[in-house]
Amino acid sequence: MRKLEEILEWGGTKRDILFLILSAAALIVSIFDLVPLPFDAAWVAIILCGIPIILEAVIGLVTSFDIKADVLVSLALIASVIIGENFAAGEVAFIMQLGALLEGLTVAKARAGIEKLVHLTPRTARIISGTEEKIIPAEEVQVGDLLRVLPGETVPVDGIIISGQTSVNQAVMTGESLPVDKGQGDNVSSGTVNQFGAFDMKASKVGEDSSIQRMIRLVQSADAGKAKIVGLADRWATWIVVIALSAAALTGFMTQDIIRSVTILVVFCPCALVLATPTAIMASIGNATKHGFLVREGDALERLADISKITFDKTGTLTYGTPEVTAVQSIIPALSDSQLYRLAASAELRSEHPLGKAVVKGYRQLNSDPVPEPENFHLLPGKGVLIQTEHQTVAAGNQTLMNHEGAFFPEQGMKNAEKYLKEGCTVIYIALNGQPAGFLALSDTLRPNAAPMIEDIKKSGVTPVLLTGDHANAAGHIADSLSIQEVCSHCLPEDKLNYIDSCQEKGQKICMIGDGINDAPALKKAWVGIAMGGIGSDIAVDAADIALVNDEIREIPHLLLLSKRMMVTIKCNLTFSMTLNFIAIILAMTGFLNPVVGALVHNAGSVFVIINSAFLLKWKGKKQ
């Protein structure tokens with residue numbers, strides 16, 4: 001159905017472009033009398049461009065008494081035709097439809113991504129009844145039901161683990177790509193993915209109360225509450241119509257000259273006012289595209305110029321979202337750090353865990369010799385791995401595994417590991433033949449352009465904020481590295497949305513930058529949402545107003561400055577066009593302008609607006 005709508009929409013755009021080309025040619029023929037015709041060629045523009053304007057004005061007035069700029073345009077068109085000034089009527093209709101086309105091209109239909117979220121909703125559940133196990137639709141699960149979740153399956157409803165050990169990928173809820181170890185008594189959420197071990201759980205929240213369904217409702221409610229910017233010409237339309245009609249009526253009454261009255265209506269037509277915003281937006285969108293931004297909402301740049309805070313997700317936005325080994329420390333004098341790293345890489349060689357893959361990748365980048373092949377590889381879900389290699393038993397995992405193996409680390413070794421934990425690192429402990437051997441610290445990698453980008457954002461007068469689902473240590477470490485003062489950690493999707501909502505209720509306009517499914521409600525709720533287009537999920541991109549296609553966050557300050565420059569250009573356009581219009585009105589009232597000359601004079605304002613806006617295409621701003 002959407003595909004059909006897109007085809008029809010594009011078909012309408014092509015038709016509008018064709019009508020404008022034919023109308024422009026007809027106006028040229030009319031003013032220069034190039035081709036002898038039995039009728040004035042300007043009628044082509046009046047019919048193709050003018051009639052749709054008149055119909056829209058009539059429908060708006062009749063159905064809802066909605067006075068827009070097209071009401072005044074319609075009056076000027078009809079009056080010009082009545083007194084025989086066809087070219088003036090055709091020219092006004094052409095300019096207005098050109099502005100409407102430009103405005104239409106800048107506005108992309110928002111796609112909430114709700115359908116993709118719905119696809120994440122688990123379809124089935126594995127229910128345990130006595131000794132039997134059967135698969136039922138997920139919507140039939142009741143609170144208190146006993147369920148079994150196997151490795152690779154999606155958790156069907158919210159619940160509590162009653163038996164089993166595993167690791168769960170919670171990226172859909174927290175944005176963190178690393179699996180979280182889970183055991184008896186831990187909570188699990190619907191939509192998250194069980195990675196390594198089977199477990200049994202008791203359902204606690206089902207149906208509309210489940211986490212994934214709450215996420216869908218958050219996105220829907222955020223979208224519904226986000227107001228769209230109304231065009232300036234339409235906001236001022238009522239006053240423009242009243243002033244224009246009053247001036248035309250007063251002039252006609254005092255001079256008894258209907259030509260002057262019609263001229264006033266023509267020069268008062270808000271052509272330049274209509275063009276002022278869309279031409280600047282289109283030029284700015286062209287500029288933003290060169291810097292890697294896909295602007296999906298036409299008014300996004302207008303809104304971006306007004307923001308006071310910019311909130312960042314951490315993983316995948318300020319960082320790469322992939323762990324790397326940052327420290328290797330042996331606590332056995334006879335075992336070097338390099339040898340410990342080699343044993344850890346061997347232990348993790350057959351692991352599918354992201355941390356294990358990071359260890360192997362890091363070792364291979366530093367060493368040319370191959371990683372020793374492990375023997376008797378055992379995966380212990382929620383704990384780590386056990387292997388035999390080079391006649392030694394190696395255990396690599398968390399403290400639970402170390403305790404299970406009887407490898408109790410000395411006090412100094414734990415203090416050294418604790419230092420990395422406080423910095424937000426993940427620690428893999430290594431035991432050799434049942435004795436503690438050392439540890440590896442892994443952390444997410446900060447993007448190299450993140451720090452200067454944050455500094456430039458501060459210089460532009462916008463306050464950066466960190467909103468992340470990660471734990472407080474990791475969030476605090478990243479915030480300190482980037483000099484971000486305001487930090488919120490342990491954020492679920494509703495926490496991010498609530499933070500943005502509370503700020504905006506206080507009059508603060510927020511820009512949200514994120515990449516994950518869990519960021520979708522916040523991206524939709526924010527005054528402006530920017531998604532990482534490369535690493536980001538489709539759902540996040542669909543929820544955002546702007547996508548950063550190449551994930552180059554160093555370009556974000558340019559976009560902020562560009563939006564502010566665009567608003568300066570728009571205000572300049574408006575000031576010039578309105579000043580020119582009022583001068584033309586005075587000249588029309590005194591009889592110095594007739595409708596045709598008046599149309600050409602006020603058309604000069606439209607030309608100025610287009611040229612002035614075009615400078616935005618190559619605007620570079622201050623060197624960052």
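Biologist: What is the relative accessible area of Phe 576?

Modeller: This is a predicted model, in which local features need pLDDT of at least 70, side-chain atom pairs count only at pLDDT 80 or more, and totals for chains, interfaces and linings use all residues. Residues are numbered from 1 along each chain as its sequence is written, and side-chain values use heavy atoms, leaving out hydrogens and water. Buried means under 20% relative accessible area, exposed over 50%, and partly exposed in between (1.4 Å probe, protein chains only). Phe 576 is partly exposed, its relative accessible area being 33%.

Biologist: How many aromatic pairs does a search of the whole structure find?

Modeller: Rings of Phe, Tyr and Trp (its six-membered ring) pair if their centres lie within 6.5 Å; planes under 30 degrees apart count as stacked, over 60 as edge-to-face and the rest as tilted. By that test, the number of aromatic pairs in the whole structure is four.

Biologist: What is the angle between the planes of Tyr 341 and Tyr 363?

Modeller: These rings form an edge-to-face pair, 5.5 Å centre to centre, with 75 degrees between the planes. Tyr 341 belongs to helix 14 (residues 337-348) and Tyr 363 to helix 15 (residues 354-366), 22 residues apart; helices (H or I, at least four residues) and strands (E, at least two) are DSSP runs, numbered from the N terminus. Tyr 341 is buried at 7% relative accessible area, and Tyr 363 is buried at 1%. The angle asked for is 75 degrees.

Biologist: Which residue forms an aromatic pair with Phe 576?

Modeller: The pair is tilted, 4.0 Å centre to centre and 35 degrees between the planes. Phe 576 lies in helix 23 (residues 556-589) and its partner in helix 24 (residues 595-614), so the pair ties together parts that are 32 residues apart in sequence.

Biologist: Which residue forms a salt bridge with Asp 519?

Modeller: A salt bridge is a side-chain nitrogen of Lys or Arg within 4 Å of a carboxyl oxygen of Asp or Glu, and the structure holds 18 of them. In this one, the closest N and O atoms are 2.6 Å apart. Asp 519 sits in the loop between strand 20 (510-514) and helix 21 (520-525), while its partner is in helix 20 (residues 493-505), 23 residues apart.

Biologist: How many disulfides does the structure hold?

Modeller: A disulfide is a pair of cysteine sulfur atoms within 2.5 Å. The sulfur of Cys 503, a buried residue at 5% relative accessible area, is 8.3 Å from the closest cysteine sulfur, in Cys 488, which is too far for a bond. The count of disulfides is zero.

Biologist: Which element gives the largest share of the nonpolar patch?

Modeller: Patches are made of residues with over 30% relative accessible area and no salt bridge, like charges being joined within 9 Å and nonpolar side chains (Val, Leu, Ile, Met, Phe, Trp, Tyr) within 5 Å. This surface patch, whose residues include Ile 28, Trp 43 and Ile 59, has about 1,100 Å² of accessible area together, by the Shrake-Rupley method with a 1.4 Å probe, where for residues only the protein chains shown count as cover. Helix 1 (2-32) and helix 2 (42-64) are the elements that give two or more residues to the patch. The largest share, five residues, comes from helix 2.
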